[in-house]
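Trainee: Please guide me through the reading of backbone and strand features in a model of this kind.

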Amino acid sequence: MWEYAPAPESRDIANLRPSYRMFLDGEFVEGGGEPLKTVNPATEEVLAEVSTANSSDVDKAVKAARRAHERVWGRMPGAERAKYIFRIARMIAERARELAVLESLDNGKPIRESRDVDVPTASAHFFYHAGWADKLGYAGLGPDPRPLGVAGQVIPWNFPLLMAAWKIAPALACGNTVVLKPAETTPLTALVLAEIVQQADLPPGVVNILPGAGDVGAELVGHAGVDKVAFTGSTDVGKIIQRTVAGTGKKLTLELGGKAANVVFDDAPLDQAVEGIVNGIFFNQGHVCCAGSRLLVQESVADELLAKLHARVSTLRVGDPLDKNTDVGAINSREQLDKITSLVESGEAEGAQRWTSPCPLPEKGFFFAPTVFAGVSQAMRIAREEIFGPVLSVLTFRTPDEAVAKANNTPYGLSAGIWTDKGSRILWMADRLRAGVVWANTFNRFDPTAPFGGYQESGFGREGGRAGLEAYLDV
Amino acid sequence: MASPPPASTGLPPALSDATRDETSLRRFLHGLPGVDQVGVEQRAAGLATRSIKKAAKLWAIDTAIGMVDLTTLEGADTDGKVRSLCAKARRPDPDRAEVPPVAAVCVYPDMVATAVEALRGTGIGVASVATAFPSGRSSVPVKIADTELAVAAGATEVDMVIDRGAFLSGRYGRVFDEIVTVKHACGDAHLKVILETGELATYDNVRRASWLAMLAGADFIKTSTGKISPAATLPVTHVMLQAVRDWHTATGDRVGVKPAGGIRTTKDAIRYLVAVHEVAGEEWLTPEKFRFGASSLLNDLLMQRRAQLDGHYSGPDYVTVD
């Protein structure tokens, strides 16, 4: 009876251009690769044509980065580097609206999230690391830690700008130069970031941004001139990269997939647990490596919690990512939508009970209604494989030991959540969960001061915080 | 607790057992799921970013006007002041006849007769605060007499305060009995139970007091007297909306919610309506189930209503001061 009128953010704010070029040695240039067309996943329309790199571009970029490292950036005093990084942070904040709208157009995530999470957190990462640039001697990594040199970085499509910030900010603060490849489906905000880098007057070659598909990434991580490889993306590609760099002496950090357990005990604050579950799996359409995709709920409250969860999920508004009231936006690509659909079908075939939100979906674009599977067992694919979509698998447990056993029973180990009013149990659980990040009575909170990273097939190395600096220093 | 309360008849066994004696009541209230402060505040802040525009905003403004309990609770209140408030309640915007009247006028018991007289035949309720409002520091007979005075003068709604001292010292039975007794004294008048959440301090207490009031037969649960700071807040209202929603799941009955105090702007009011819509459900989006205890809010609603329709803002002199 109370229909919220459409409240779309204007797409003009994005300053969308018909074509974008790659950023190499301080200039925007045409790449030698076949240009790619980036698509708005909410409408399937082509947004822009983007030039891509070929192997000689990668070579040029790595050499430019090497020059910049040896001649300027690597020998610049930290306090001077900090000024540039602070400038980038401020310029991201100044162009926050433009970046948020562009991100939502290119990625499909709701403007509420790009505006309130992605862009501010990206800016915060530059601010945070700018502060470290002249204090690296106090990071606990030795008296005068040295940079590694050239960092080759490959990032995913789920948080295009934020992942670029996670990668670039610590690299620059530690005195490294960067060649970064954004994801094939979401190159635009990284190229606006390149514009910011240019306007911030960074010396040419310190940051290079080369769009392209997986082959460009492979070329980059395999290049002999790269000293450090940082990758965020799928576990499969992570393994290939690890094989490529084995024996080369390149330093490597990998941030890969996850199948996080969100563990709800019977004494949990239930209404807030429901919020945390929703935020854990439906934030960014579930395209989050640390998504709480497995809900482990104590049997004694399972029915009550599920009823509350269904009611809450029914209120999620799925649709136009640019509408300020949209909670769940578009799936990033047709390919990802197909993958989600096939895993959901496997869940039904294996006998889990599917519940899907009755929310209306737009006719065009890649959308998937929030889905909750009850009666899931550890043996099912939907309990083991990363779905990377708005699909939650619900399992139950009887005792804390069983909760720990089930939570840890996965090849991954990126994140976990604990919901209980009992402080001692939070600590007891956190000690036993094999996950890089453990949230207590909250989920999916990101802060530049907190290290992020995984165990086992979720990768290794940390990003953010003091621990994150180690990945970019010769220690 | 003196005797089995009449209010608990018709409740499902789990709930009627809860009010059997002091121990059961205590066990029940302390068995309610806790409220995580960070979580509820984060949710309230998140939902407050909803962008309500155009037709949805106009609907919200008219709905909010119809939910206002237009209030004057001052030592300086006079018959004249109450009469002019009643005139405002009948026609909030004298230039625009289509503006709905407010839900009720809320006054002290001795002003009820004046308000009843001024509002006769309009369908607008007369709410009276009672039970030694705002502190509630008096004896039960005085509180009953206060209530009876209001009802005898024609109040259709009674806004009582709970004994926060008794609640905070864990004497839940005493609070319960008092509500049951006042409910009885109300007769046909609707009972709103003021929790004074600013004095209860924690969200856990707000949830327990909400359930306590509903178990004792409250028709409405109300945040505040308006005499204590903080008065109504969004997170507190979230907790109360969750309580009435859960009560409905358990009993099938819908209890109303009334935030009062500190809600002054249309923007704030719309945030509350969004919370009602998305936390309790759209069945609560009616003056029978949701009210705003406010005075200055009404004029901001009227000014925003004009701005929506006219396309520009007019000044405060285009709406009446009372």
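**Reading the loops and a strand**

Mentor: Let us begin with A201(B), which sits in the loop that separates α10 (197-200) from α11 (203-215) in chain B. Here helices (H or I, at least four residues) and strands (E, at least two) are DSSP runs, numbered from the N terminus. The model is predicted, so that local features need pLDDT of at least 70 and side-chain atom pairs count only at pLDDT 80 or more, while totals for chains, interfaces and linings use all residues. Residues are numbered from 1 along each chain as its sequence is written, and chains are lettered from A and ligands numbered from 1 in the order in which they are written.

Trainee: Where is N284(A) found, and why does it count as buried?

Mentor: N284(A) belongs to the loop between α9 (270-282) and β13 (294-298) of chain A. It counts as buried because 25 C-beta neighbours lie inside 10 Å. N284(A) also has a positive phi, of about 55°, without being a glycine.

Trainee: Which form, cis or trans, does the peptide bond from F133(B) to P134(B) take?

Mentor: That bond is cis, with omega near 0°. P134(B) lies in the loop that links β3 (125-130) to α7 (140-152) in chain B. The bond from S229(B) to P230(B) is cis as well, its omega also near 0°, and P230(B) is placed in the loop between β6 (220-222) and α12 (234-251) of chain B.

Trainee: Which way do the residues of strand β12 of chain A point?

Mentor: In a regular strand the side chains alternate between the two faces of the sheet. In β12 (residues 261-264) of chain A, A261(A) and V263(A) point one way, N262(A) and V264(A) the other way, and all are buried.

Trainee: How many bridges join β12(A) to β13(A)?

Mentor: Two strands pair if DSSP finds at least two bridges between them. β12(A) and β13(A) run parallel and are joined by four bridges, with L295(A) in β13(A) as the bridge partner of N262(A). The chain passes from β12(A) through α9(A) to β13(A) in a right-handed β-α-β crossover; the term applies if, with the strands pointing away from the viewer, the path from the first strand over the helix to the second runs clockwise. β12(A) also pairs in the parallel sense with β17 (residues 415-419) of chain A, over four bridges, and there N262(A) has G417(A) as its bridge partner.

Notes
A residue is buried if 20 or more other C-beta atoms lie within 10 Å of its own, exposed if 12 or fewer, and partly exposed in between; C-beta atoms are placed from the backbone.
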